[in-house]
Amino acid sequence: MTLDIVSSNKSFGGWHKRYKHRSSSLNCDMVFAVYLPPQAEQGVKLPVLYWLSGLTCTDENFMQKAGAQRLAAELGLVIVAPDTSPRGEGVPDDAEGAWDFGLGAGFYLNATQEPWARHYRMYDYVVNELPALIEGNFPVNDRRAISGHSMGGHGALICALKNPGRYRSVSAFSPITNPSDCPWGEKAFTHYLGNDRARWREWDASALIADAEEKLPLLIDQGDRDDFLEGQLKPQALEAAAKAAGHPLTLRLQPGYDHSYYFIASFIEDHLRHHAEALKA
């Protein structure tokens with residue numbers, strides 16, 4: 001597969017690079033970012049953390065705002081950040097241009113309804129196509145971790161819960177934990193998956209955790225001043241489901257923090273060290 005480089009910037013002795021490629025899963029061109037720490041030039045294969053961003057975001061939000069490169073360079077950790085949805089000519093969008101659906105709001109699922117089904121298959125892209133691309137073109141091994149924010153936190157949780165053994169660790173910031181029961185998720189699931197709510201459970205972390213084959217510990221940070229906490233994110237739903245299933249969950253409610261990247265930057269070191277410990281075990 002052809003990778004076209006979009007940009008390249010030196011950072012903490014390593015390189016932050018953006019690439020464009022044709023995605024077979026999404027039937028469009030996609031851009032992703034990769035941070036390659038200095039160890040990538042030393043002939044060793046490194047573990048990878050996949051970061052999934054939230055509504056309206058692209059690969060650039062995390063890479064520019066989270067401040068993760070310094071510690072990733074220290075830990076020898078590759079970070080890969082895909083876009084949040086398919087984009088480009090012919091990719092359908094919300095008819096009214098809403099920010100919480102369509103472009104920028106792929107919800108990391110495989111759509112089954114038209115006109116979305118041809119392009120909106122971010123789950124296949126994140127779980128299968130992108131890792132194969134990364135592992136075939138960069139100095140990495142098959143030790144994977146996954147994390148994300150908001151809609152991306154939802155994506156990280158479902159990708160890990162649905163794929164036992166594929167990831168060594170998982171974490172999330174302010175995830176949409178119960179999308180079947182919040183306005184963002186109900187809107188997206190109705191359009192992408194149809195009206196049968198029973199089919200929504202396949203893409204809802206609070207439902208998936210009951211039958212998870214692997215009890216991979218979950219690390220979640222949530223700000224208590226987050227404007228979306230009660231109406232959209234509902235961490236208490238995941239907490240209750242994890243308790244009922246005996247699934248290990250560390251849910252940290254951080255006082256005074258909101259939904260922004262100021263919050264993510266404040267605790268990203270904890271998450272990177274959490275992943276590095278699991279990836280190098």
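How many disulfides does the count come to by this rule? I took a disulfide to be a pair of cysteine sulfur atoms within 2.5 Å, and the count came to zero.

**Basis.** I am working from a predicted model, in which local features need pLDDT of at least 70 and side-chain atom pairs count only at pLDDT 80 or more, while totals for chains, interfaces and linings use all residues. Residues are numbered from 1 along each chain as its sequence is written, and side-chain values use heavy atoms, with hydrogens and water left out.

**Cysteines.** I looked up Cys28, which is in no disulfide, and found that the nearest cysteine sulfur, that of Cys159, is 17 Å away. For Cys159 the closest cysteine sulfur belongs to Cys57, and because that distance is 17 Å it is too far for a bond. Throughout, I call a residue buried under 20% relative accessible area, exposed over 50% and partly exposed in between, with a 1.4 Å probe and protein chains only. Cys28 is buried at a relative accessible area of 3%, and Cys159 is buried at 0%.

**Asp221.** I next went to strand 8 (residues 218-223), where Asp221 lies; helices (H or I, at least four residues) and strands (E, at least two) are DSSP runs, numbered from the N terminus. Asp221 counts as buried because its relative accessibility is 0%. I then searched for polar contacts, meaning pairs of N or O atoms within 3.5 Å, where within protein one atom must be able to donate a hydrogen and the other to accept it, and residues adjacent in sequence count only if both atoms are side-chain atoms. The side chain of Asp221 makes such a contact with the side chain of Gln254 at 2.8 Å, and with that of His271 at 2.7 Å. Using contact in the sense of heavy atoms within 4.5 Å, and leaving out residues up to four places away in sequence, I noted that Asp221 also touches Ala172, Phe173, Ser174, Arg252, Phe263 and Phe267.

**Backbone in one loop.** I checked the loop between strand 5 (78-82) and helix 3 (122-137), which holds Pro115; a cis peptide bond joins Glu114 to Pro115, with omega about 5°. Phe107 lies in the loop between strand 5 and helix 3, and its phi is near 60°, a positive value in a residue other than glycine. Tyr108 is in that loop too, with a positive phi of about 55° although it is not a glycine. Phe107 is buried at 0% relative accessible area, and Tyr108 counts as buried at 0% relative accessibility.

**Cores.** I defined a nonpolar core as a set of buried Ala, Val, Leu, Ile, Met, Phe, Trp, Tyr and Cys residues joined through side-chain atoms within 4.5 Å. The largest has 65 residues, of which Phe32, Val80, Phe107, Ile134, Ile146 and Tyr192 touch the most other members. Helix 3 supplies the largest share of this core, eight residues. Another core, of 25 residues, lies apart from it and has Ala33, Ala68, Leu77 and Phe263 among its members.

**Strand 4.** Which strands pair with strand 4? I counted two strands as paired if DSSP finds at least two bridges between them. Strand 4 runs parallel to strand 6 (residues 140-148), joined by six bridges, and Leu49 stands opposite Ala145 there. Strand 5 also pairs with strand 4 in the parallel sense, over three bridges, with Val78 as the bridge partner of Val48. Seven of the seven residues of strand 4 (residues 46-52) are buried, so the strand is largely enclosed by the rest of the structure.
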